[in-house]
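Hi,

Here is the structure I promised to pass on.

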Amino acid sequence: MKRALSKLKLASNSMPKPKYYAVAQGKEGPKVYHNWDECSKNVSRYPGAIHKSFSSLEHAETWLASSISLQAAPSSSRPVDSFSHSQKPYSRIAKPKAPTLAPEVVKAYRSNTEASTSKITLSDEQQAVLQRIKRGENIFFSGSAGTGKSVLLREIINELKNRDPRSSTLGITASTGIAAINIGGCTLHSWAGIGIGNESAKKMAGKFIGQAKHGSMLLDRWKHVKTLIIDEISMVDGQLFDKLEEMARLLRGNDAPFGGIQLVLSGDFFQLPPVPNRNGDEIITPVFAFDAKTWEICVGRPVTLTRVFRQKDQTFVTLLNAMRFGKIENVEAFTALAREVTYTDGLQPTELLSRREEVERVNNRRLDQLPGNCETYEAMDSRGTNSKGEKVSREQMERLLDRLVAPQSVGLKVGAQVMLIKNLAQGRLVNGSLGQVIGFSTAHDAIQRHVPIADQENKQPQHNPPPEGAQLWPLVRYTNGEEVLMIPQEFTINNADGGMEARRTQVPLILAWALSVHKSQGQTLERVKVDLKQTFEKGQAYVAVSRATTMEHLQILNFHPSKVVAHPRVQQWYTEIDRYRRVEEEMDMDDAMEAYYS
Ligand SMILES: Nc1ncnc2c1ncn2[C@@H]1O[C@H](COP(=O)(O)OP(=O)(O)OP(=O)(O)O)[C@@H](O)[C@H]1O
């Protein structure tokens, strides 16, 4: 009997104990794995991976929850207490049915893995552009709002980075700061190192060659770059384009157009015109980039993306095209959109306004009208280095971060209407998704109750983990019914060499009763209200209205054809290229017929 017992003991000692592997940062985001093989696939070769093994599932989950709150905790510059006071964790969250979580089903983590399957597949015309770029061709691709220019550009950048990870060979730029942030780049001016760019190309190039320290860094940048991306090219002045082209030839000692740099340009000239430049008191009238002397030899004929993804309804697409060209024939179709649109879920349309102060006034008024405590989230801002390798000053950091859609401070209450300003790994939630704050909770409570926690798509490992604290974060219900606990995410501004110049860590939400047209650029919005009574510049009414995805969820007040103005030179240029495109398509058809019958 004694022998039998000791045998049994031996057997139980040799049985492998179950192990649980909690991953706070890995390829699939926060998740608990039940075996090392699965875990290692998600942490090995993942820079900054954080994981730990446990003998009980409960311990693994508790550690994971606390490490998520630790990473997400706010700035040390504000008292930690200000987060955890007042509101109790959201009482609507159901208590768990069992004392521990069901082993296989942890909804919070599962949604992260689902995201990887919901990737966008490029259309044939988007693919064709990508292929041409991979072959080394110069290209300008255009297309109306919602034809997937930004999606394509992001794919191009990924592809080029994968091909050559050295940041010096790829210049990622845009004409404006806000557009540059959207693609993880910097402004064209800052990449080129030309200040306001008023001097002649020879003088600017001469300075780079002549200057010892700063000049040589810029010279190296110009010499080493292989591909230069410029987004929102419509806002680049044609005279500046010519100057940069000449500088490229001079600095690289290469007579090929643009000194042999591959150009990838993107934008829609109907949307945003170049801003007039100043030389002292003199205002220099800009010209469009397509009117630059060297445009034709640099990029040739543009490629037009024709398939509109943002709007599915062809009637709406036709109306938007009429707005784009500034040729409104069916006025009634627009005036009919002045009717009131009612929503039953309590979420109102986002009002697009032209002035920032007005936006703040509307949002603050609506927030004040809500009962209950206001939770204020202050961002954690940090300074990096500029492309000269110097640490940026506090003032420079503030100026840079001011371009972000993410505010320094955001006050939220239960019932507040919010917009997500980051794509989440939780696949269907993207920049522009509309939702409502339905409560506040700690990350720990959310995990215990199977509530997903916001996890940023393609996130980089976090730098400088902030201090510990049991924080309350907003729980948001989005219009698609998903409920997600919103913890802070990173918003980074890069310098011209791809290094971090400034970073903001903030809850990725803004109040969304109103939004400025300027900040709505590039966005896809679910419910939109536009009042055209305000003065809109050329193309601005089109930008505002084309953010909407459906006519059912769009209200236009004070429509008048005179408010929808397109620049005559842009109309003329696009008409010409459209004619060429049609001729080319017909020729292709003729060639195909000939080949078929011969
Ligand atoms: N190949 C695709 N398949 C499915 N959806 C797509 C595709 N390309 C783009 N989209 C979707 O279409 C919408 C508009 O895309 P995007 O913002 O890239 O357009 P855009 O041309 O840059 O618009 P805008 O000029 O208004 O900024 C987004 O919701 C995007 O996810």
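Below are my notes on the ligand site and on the aromatic rings.

A word on the basis: this is a predicted model, in which local features need pLDDT of at least 70 and side-chain atom pairs count only at pLDDT 80 or more, while totals for chains, interfaces and linings use all residues. Residues are numbered from 1 along each chain as its sequence is written, and side-chain values use heavy atoms, with hydrogens and water left out.

Let me start with the ligand. Its shell holds 19 residues, of which Q126, K149, S150, R310 and R547 come nearest (a residue is near if one of its heavy atoms lies within 4 Å). By class, 5 of the shell residues are nonpolar, 11 polar and 3 charged (Ala, Val, Leu, Ile, Met, Phe, Trp, Tyr, Cys and Pro count as nonpolar, Asp, Glu, Lys and Arg as charged, and the others, Gly among them, as polar). Helix α7 (residues 149-163) gives the largest share, 3 residues (helices are DSSP runs of H or I with at least four residues, strands runs of E with at least two, both numbered from the N terminus).

Polar contacts here are pairs of N or O atoms within 3.5 Å. The side chain of K149 has an N or O atom 2.8 Å from a ligand oxygen. Backbone atoms take part as well: one of V151 lies 3.0 Å from a ligand oxygen, and a polar one of T147 is 3.2 Å from a ligand oxygen. The protein covers 81% of the 630 Å² of accessible area that the ligand has on its own (Shrake-Rupley method, 1.4 Å probe).

Now the rings. There are 18 aromatic pairs in the structure (ring centres of Phe, Tyr or the six-membered ring of Trp within 6.5 Å; planes under 30 degrees apart are stacked, over 60 edge-to-face, the rest tilted). F269 and F290 are edge-to-face, because their planes stand at 80 degrees, with centres 4.8 Å apart. Both residues are buried (under 20% relative accessible area, 1.4 Å probe, protein chains only).

F270 and Y574 are stacked instead, at 4.9 Å centre to centre and 25 degrees between planes. This pair links the loop between β8 and β9 to helix α21 (residues 568-597), 304 residues apart. Ring pairs join F269, F290, F270 and Y574 into a cluster whose members also include W295 and W573. Finally, the charged end of R324 sits over the ring of Y574, 5.1 Å from its centre (CZ of Arg within 6 Å of the ring centre and within 35 degrees of the ring normal).

Best wishes

Note on methods: Polar contact = N/O pair within 3.5 Å; in protein donor to acceptor, adjacent residues only side chain to side chain. Buried < 20%, exposed > 50% of the residue type's maximum accessible area, 1.4 Å probe, protein only.
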